[in-house]
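The sequence and structure come first.

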Amino acid sequence: MISYIVRRVLYAIPILVGVNLLTFLLFFLVNTPDDMARMQLGQKRVTPEAIQKWKAERGYDKPLVYNDAEAGARKLTNTIFFEKSVKLFVFELGRAEDNRDIANEIRTRMWPSLALAIPVFLIGIAVNITFALGMAFFRATALDLTGVVLCVAMMSVSTLFYIIGGQYLLSKLWHLVPISGYAGGFDALKFVVLPVIIGVIGGIGSGSRWYRTLFLEEMGKDYVRTARAKGLAEPVVMFRHVLKNALIPILTGVVVVIPLLFMGSLIAESFFGIPGLGSYTIDAIQAQDFAVVRSMVFIGSVLYIVGLLLTDISYTLVDPRVRLN
Amino acid sequence: MPVFLPTDALVWLLVAAVAAFAWTCSRRPHLAAPWARVFRSRAAVASLVVLAAYVLVGLLDSLHYRPQLPAKSPGAPAVYAVEARSLLDVVLTPLRTRLEKTYSAPLATRLYQKEQVEQPDGRSVREYPRLRHGGAHLKDEAGWGRDVAWRILGGLAAAAVLWSLLVLAARRTLVRRWPEVPWGAAAAALGALLLLVGPAALLATGYHVLGTDRVGSDVLYQALKSIRTSLVIGTLTTLVLLPLGIVAGVAAGYFKGWVDDVIQYLYTTLNSIPGVLLIAAFVLMLQVFLDNHAGWFATSAERADVRLLALCAILGLTSWTGLARLLRGEALKLSELEYIQAAHAFGVSHARILGRHILPNVSHIIIIALVMDFSGLVLAEAVLSYVGVGVDPSTTSFGTMINAARLEMAREPMVWWSLAAAFAFMFTLVLAANLFADAVRDGFDPRVRV
């Protein structure tokens, strides 16, 4: 087990190097730092001095990969590639446009993101499994058909509609919860309720439909027929046999997103004014803060790779047939 | 003077490709069989009617020209306007040109905001002024209800007549030719569509059916213009996605070894970057690039069009991994089968095995993936435009409509019509696409074949 994990972690390194090279390529080679400076400072009448100053302030005034002016190892280290890309590996993320430390910002903004993402994740799974189990139980009846049609309809509605509609109904019309904002501690509850409800509702369509197919696939197997043949009641078959076995693909499917919960939800957070990582990312994209976007890309891929690793481990934990080697 | 925007050319190329594909399929029974199964589904036929209406609007909007300006002196060389227009713009000229001052509610006769108005006797009063065009034909506003009702009734009647004529014509031709297709569902969808279009068209000649936006332009016109953007994003993306996904997936599954390792590494790397962030990174760089090469484009329409095309390319570049993974698995399975081994033993070349044995046997996966991706891309456009990495702000799209309307949420009473229009048009398109995609999946998936 340990050797397997070590091997997987080693396997993750080339992928992270790839992500790193890709972001370097995108952010520094497709457009040079001069282009970025001109963009940030405004297109017209930018003096070369202003561009130089902008670059110097952010450390973009070095050569890209090889510094001829330096001696020894500093030929390679005193470059944009080393300063801006390689240092991501030790989570030295640098500073944002407003001169705040990005790593520090991420540490404080992580908590509001989690306060929203974890309830959406857990409640979402519970609700989806309940609906899917219901549809599978009443399969091939009018109830099942209605459920499937409803799922397809719900899948066809834009996330933005759920958010705007929910804000309008619950906050503007019924005045149940504040439209947006956030507070620390237990006050967070009233701000998080609406986004959580909307997050769960938005996921019902695709989630329940997907789980329903998993349940139906499981119900077509031989052991289910055996269970029925030996006279078990249908609810017992459903809960004790089908649910347990269908949980394997469900669990392993959701494990991969657990680490990504840290990243928060881009759209929901910015609509509801929750100061998490999602809204941080959106603000950075809109303000064209390249340093922040670059850091978030890297952190996102690290978390995804952790998720893949957890998926593989969870396979062995829930399914004794799978052996790691 | 006709103008060929890059996306126009690609859209028509795609239409030609689809037509050629349909023709090939219709000539070969084994290719036509799954489609015949698709067309036996009521949901598929009904949603196809709705999709066809959308595609018709989109195609009309994909024929651009630059109108000739009136010559200053006779005999002077023809001068063309800078702005490109499409055939749809011509059809909708009344909608396009009748601008109001600012917001007005659907079918309203008065503006949404109070303004200082000069009375005939010289006094000035703060009131809701009459609209310049919406309901301007009414002498007395008391006749509003009667006028609207008549227009709706007239539209419904015209729709009913047109529908009966079409159904009669179809009975003679289509139904006889393909009796197994559930034409009832098609007729019902067409009827519903016509019953909406008829009254709307008649109302649109005198009112703003869906109101006007902040700068006073008609919301219905914007919604119709957005259709093209959605369709372009949903379809042109596949032009990038398909070749990448097919080549990478099939090559990885068939050649195995180091090819497989390299391709798997590539797509795990791309996959590990969260989707929106990867797209955002690409689009940010595109923005910088376009800003620094502003001189390349003659008109702003051209620039917006190039940006739309680039967005499609970016979406394709970032989303081919799913298809590649599916195809890799399937090709891996196929390459172990006896008939492929036999082909190897006979000395058939790799290219021939891939072309004759592997590709035809994974084609159902490709078609299913294609139609399944469409609705996701349409929804993604709105979200990306909200994030600020979508289409050019000057391009009309559902995303830019929602984005502009969102800022007015806090108004009292709320300006809801822009949002409602964008969501309703988008929902219909995506729902139809989802239903059609489900039918295609059921028709093509070999596991459900009986």
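## Strand pairing in chain B

B:H64 has B:S86 in strand 5 of chain B as its bridge partner. Strand 2 (residues 64-65) of chain B is joined to strand 5 of chain B by two bridges, and the two run antiparallel. Two strands are taken to pair if DSSP finds at least two bridges between them. Strands (E, at least two residues) and helices (H or I, at least four residues) are DSSP runs, numbered from the N terminus.

These strands belong to an open sheet of three strands in chain B, ordered 1-2-5, with antiparallel pairing. Strand 1 (2-3) and strand 5 (85-86) of chain B are the edge strands, each of which pairs on one side only.

## Basis of the model

This is a predicted model, in which local features need pLDDT of at least 70 and side-chain atom pairs count only at pLDDT 80 or more, while totals for chains, interfaces and linings use all residues. Residues are numbered from 1 along each chain as its sequence is written, and chains are lettered from A and ligands numbered from 1 in the order in which they are written.

## Contact between the chains

In this model, 38 residues of chain B are in contact with 41 residues of chain A; contact means that the C-beta atoms of two residues, placed from the backbone, lie within 7 Å. On the chain B side, helix 10 (257-272), helix 11 (275-292), helix 14 (350-387), helix 15 (398-406) and helix 16 (417-444) each supply at least two residues. Helix 11 of chain B gives the most, with twelve residues.

By class, the side of chain B that touches chain A has 28 nonpolar, seven polar and three charged residues. Here Ala, Val, Leu, Ile, Met, Phe, Trp, Tyr, Cys and Pro count as nonpolar, Asp, Glu, Lys and Arg as charged, and the others, Gly among them, as polar.

## Domains and helices of chain A

Chain A is assigned domain 1 (34-90) and domain 2 (106-318), with bounds that come from an automatic or database domain assignment. The C-alpha centres of the two domains of chain A lie 41 Å apart. Four residues of domain 1 of chain A are in contact with four residues of domain 2 of chain A. The domain 1 side of this contact has three nonpolar, one polar and no charged residues.

Helix 2 of chain A meets helix 3 of chain A through A:P33, A:D34, A:A37, A:R38, A:Q40 and A:L41 on the helix 2 side and A:A50, A:I51, A:W54 and A:K55 on the helix 3 side. The residues of this contact divide into six nonpolar, one polar and three charged.

## Two loop residues of chain B

B:G390 lies in the loop between helix 14 and helix 15 of chain B. B:G390 is buried, because 26 other C-beta atoms lie within 10 Å; the cut-offs are 20 or more for buried, 12 or fewer for exposed, and in between for partly exposed, with C-beta atoms placed from the backbone. Beyond four places in sequence, B:G390 touches B:L311, B:E381, B:L384, B:S385 and B:G399.

B:T102 is in the loop between helix 5 (93-97) and strand 6 (115-118) of chain B. B:T102 counts as partly exposed, with 14 C-beta neighbours inside 10 Å. The C-alpha atoms of B:T102 and B:S217 are separated by 7.8 Å, although the two residues are 115 residues apart along the chain.
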